[in-house]
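This briefing is meant to be read with the sequence and the 3D structure side by side. Please look at both before going through the points.

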Amino acid sequence: MNKVIGTLAAAAVATTLASPAAHADDRTTVEAFYTLLNSTTAPDLAERALKVMAPTWESIGDYSGAAKSREQFIGQLGGFGKLIPNLSWEIQEILHSGNKFVVRGRAKGTPVAAFMGVQPTGKSFDIMTIDIHTVENGLLAKSHHVEDWANAIRQLSAK
């Protein structure tokens, strides 16, 4: 009996992890989010965001209990476009299981205005980011994220 249960459980896990065709559109949605992050100066930024994130999408970056809404995030992206017009966000690796996607990313940019308390000097930052996205009905429903902003500040402040 235990062998049958173990075989069924293994088959269920294998089906979930080995069905890339079922998740091809979801992966495209996740990749489109990073295209959005690379388009912070685009005049149609908000329209692009609406095609990727669900109306109830939440951005969760800490354990404070406060989540950023889609509209708040779109505003933040526009602000980044003004502060860091050359911001680039590159996907380094994507792992997925079911409707969850873990993305290891690389964010780079050169602020042209004060950024996180650091005045612009022409220096750039290059940091690692980790995101966990949940995709539902072809749109991002929730994103947990961590960016190494402390390292960005060190790089921008270095003598």
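The points below cover a pocket, a surface patch and some salt bridges.

The model is predicted. The largest pocket holds about 200 Å³ of space, and a nonpolar patch on the surface has about 490 Å² of accessible area. The salt bridges number five, and three of them are described here, beginning with the pair Glu 71 and Arg 70.

**The largest pocket**

- The space in the largest pocket comes to about 200 Å³.
- Its lining is made of 16 residues, and those closest to the centre are Phe 73, Gln 76, Trp 89, His 145 and Glu 147.
- Two or more lining residues come from each of α2 (24-37), β1 (53-60), α4 (70-83), β5 and β6 (139-147).
- With four residues, α4 gives the most to this lining.
- Sorted by class, the lining has eight nonpolar residues, five polar ones and three charged ones.

**The nonpolar surface patch**

- The patch is formed by Leu 95, Val 102, Met 128, Ile 130, Ile 132 and Val 146, which together have about 490 Å² of accessible area.
- Strand β5 (residues 125-136) supplies the largest share of the patch, three residues.
- Ile 132 is found in strand β5.
- Ile 132 counts as partly exposed because its relative accessibility is 37%, which lies between the limits of 20% for buried and 50% for exposed.

**Salt bridges**

- Glu 71 and Arg 70 meet through their side chains in a salt bridge, at 3.2 Å from N to O.
- In this pair, Glu 71 is partly exposed because its relative accessible area is 47%, whereas Arg 70 is buried because its value is 10%, under the 20% limit.
- Arg 104 forms a salt bridge with Glu 93, with the closest N and O atoms 3.3 Å apart.
- This pair links distant parts of the chain: Arg 104 is in strand β4 (residues 100-109) and Glu 93 is in strand β3 (residues 88-97), 11 residues apart.
- Both partners are partly exposed, Arg 104 at 30% relative accessibility and Glu 93 with a relative accessible area of 35%.
- Asp 126 forms a salt bridge with Arg 106, and their closest N and O atoms are 2.8 Å apart.
- Asp 126 lies in strand β5 and Arg 106 in strand β4, so this pair ties together parts that are 20 residues apart in sequence.
- Asp 126 is partly exposed at 29% relative accessibility, and Arg 106 is partly exposed with a relative accessible area of 33%.

Note on methods
Residues numbered from 1 in each chain as written. Predicted model: local features only at pLDDT ≥ 70, side-chain atom pairs only at ≥ 80, totals over all residues. Heavy atoms only, no water. Patch = residues over 30% accessible without salt bridge, like charges linked within 9 Å, V, L, I, M, F, W, Y side chains within 5 Å. Areas by Shrake-Rupley, 256 points an atom, 1.4 Å probe, with all protein chains shown as cover. Salt bridge = Lys/Arg side-chain N within 4 Å of Asp/Glu carboxyl O. Buried < 20%, exposed > 50% of the residue type's maximum accessible area, 1.4 Å probe, protein only. 1 Å grid on protein atoms, 1.4 Å probe; cavity = no way out; pocket = protein on both sides within 12 Å on 5 of 7 lines; lining within 4 Å. Points joined across faces, edges and corners; volume = space filled by probe spheres on them. Nonpolar A, V, L, I, M, F, W, Y, C, P; charged D, E, K, R; others polar.
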